[in-house]
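Here is a briefing on one protein chain. Look over the sequence and the 3D structure first, then read on.

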Amino acid sequence: MTHEENKQLRHFIAAALAEDVGDGDHTSRSTIPDGKVGEAQLIIKEQGVIAGLEEAVAVFHEVDEALAITTMVTDGQVVQTGDIALRVKGSIHSILVAERLVLNIMQRMSGIATTTRRIAAILEGTGTEVLDTRKTTPLLRFLEKKAVAIGGGVNHRFGLYDMMLIKDNHVDYAGGIKNAIERANQYRHALDRPIAIEVEVRNLDEVRQVLEVGNVERIMLDNFRPEQVHEAVTLINGRFVTEASGGITDENVRDYAEAGVNYISIGALTHSVKSLDMSLKAKLVD
């Protein structure tokens, strides 16, 4: 984890704890005497790919540096029902303050990693990779995209700042594909920054328009059927990186890959994924 990534994580944890704890965990304060020590273990309740352990440790230590954490598995590992992901020992009050945030992070990240791994397994041997999108939970994008990478996917752009993706609305507002591409190239030349340009196309005619203009790095084939993707990839003939998006599911993703596209982007990796079930079970320490 880089310094900037660590800074972002700590800022997120502090804000999340402030949201949850407010002026104190009154339930724990009222029912458990101060100074009580306990331990807890994070138990996996369904098969999947674990993710978020580094973040979980950071949460525990943000709450209480004296907590002792032992991780039993590693991010990216396939876990089974009944497996123990980690153990934590120390102040019971501290463990209970950290509990929900740890679970929220790990359940969501593990759900994303599990879904991504399933798609990546379907694509195995095709040479096509699965991409995430910007359809993420606000302020959780950095965690959700990390989970995609842990699951074997590839991160697309992180935001509006690190790639130009000319979508249908940009094309329509700009007065056509040619105008949009030319203006984007003028902009990046003036910016003097090697920022990539991708263009979303809605049909084969728009593919041909992009091929006539050039000066982009990637073409996104939006809501194409697999046979149309194959035709588009044949037209593009390796001149640009290709990406298929829209209406892609577990059932048809292999068909899109076999049509020859380089990448397949799936918003459902992050916007509607099922969290992996797990729980933190506590016990007293004598």
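Axes here are lines fitted to C-alpha atoms, for helices over the stretch in contact, and angles run from 0 to 180 degrees between N-to-C directions. Helices (H or I, at least four residues) and strands (E, at least two) are DSSP runs, numbered from the N terminus. This is a predicted model: local features need pLDDT of at least 70, side-chain atom pairs count only at pLDDT 80 or more, and totals for chains, interfaces and linings use all residues. Residues are numbered from 1 along each chain as its sequence is written, and side-chain values use heavy atoms, with hydrogens and water left out.

**The whole chain**
- The chain has eleven helices and twelve strands.
- Its C-alpha atoms fill a box of roughly 75 × 40 × 25 Å along the principal axes.
- Of the 286 residues, 46% are buried (under 20% relative accessible area; exposed is over 50%, partly exposed in between; 1.4 Å probe, protein chains only).
- Contact means heavy atoms within 4.5 Å. Among contacts with a separation of 6 or more, 69% join residues 24 or more positions apart.

**Helices H1 and H4**
- Two packed helices are described by the angle between their axes and the distance between the axes.
- Helix H1 (residues 3-21) packs with helix H4 (residues 92-123) at about 125 degrees, and their axes are 10 Å apart.
- H1 and H4 are therefore oblique to each other (angles under 35 degrees count as roughly parallel, over 145 as roughly antiparallel, 65 to 115 as roughly perpendicular and the rest as oblique).
- From H1 come Phe-12, Ile-13, Ala-16, Leu-17, Asp-20 and Val-21; from H4 come Val-97, Arg-100, Leu-101 and Ile-105.
- This contact has eight nonpolar, no polar and two charged residues (Ala, Val, Leu, Ile, Met, Phe, Trp, Tyr, Cys and Pro count as nonpolar, Asp, Glu, Lys and Arg as charged, and the others, Gly among them, as polar).

**Helices H8 and H9**
- The axes of helix H8 (residues 204-213) and helix H9 (residues 226-236) come within 10 Å and cross at roughly 15 degrees.
- That makes H8 roughly parallel to H9.
- H8 and H9 also cross in the right-handed sense.
- Leu-204, Val-207, Arg-208 and Leu-211 of H8 meet Gln-228, Glu-231, Ala-232, Leu-235 and Ile-236 of H9.
- Six of these residues are nonpolar, one is polar and two are charged.

**The sheet**
- Six strands form an open sheet in the order E6-E11-E10-E9-E8-E7, with parallel pairing (two strands pair if DSSP finds at least two bridges between them).
- Strand E6 (129-131) and strand E7 (164-166) are the edges, and each pairs on one side only.
- From one strand to the next, the twist averages 25 degrees.
- Helix H7 (residues 177-191) packs on the sheet and touches E7 and strand E8 (197-201). The direction of H7 makes about 170 degrees with that of E7.

**Two buried residues**
- Val-210 is found in helix H8. Val-210 is buried, with a relative accessible area of 0%.
- Contacts of Val-210 beyond four places in sequence are Ile-177, Ile-181, Val-199, Val-201, Val-216 and Ile-219.
- His-156 lies in the loop between helix H5 (141-150) and E7. His-156 is buried, with a relative accessible area of 10%.

Terms used:
A crossing is left-handed if the near helix is turned anticlockwise from the far one by less than a right angle, and right-handed if clockwise.
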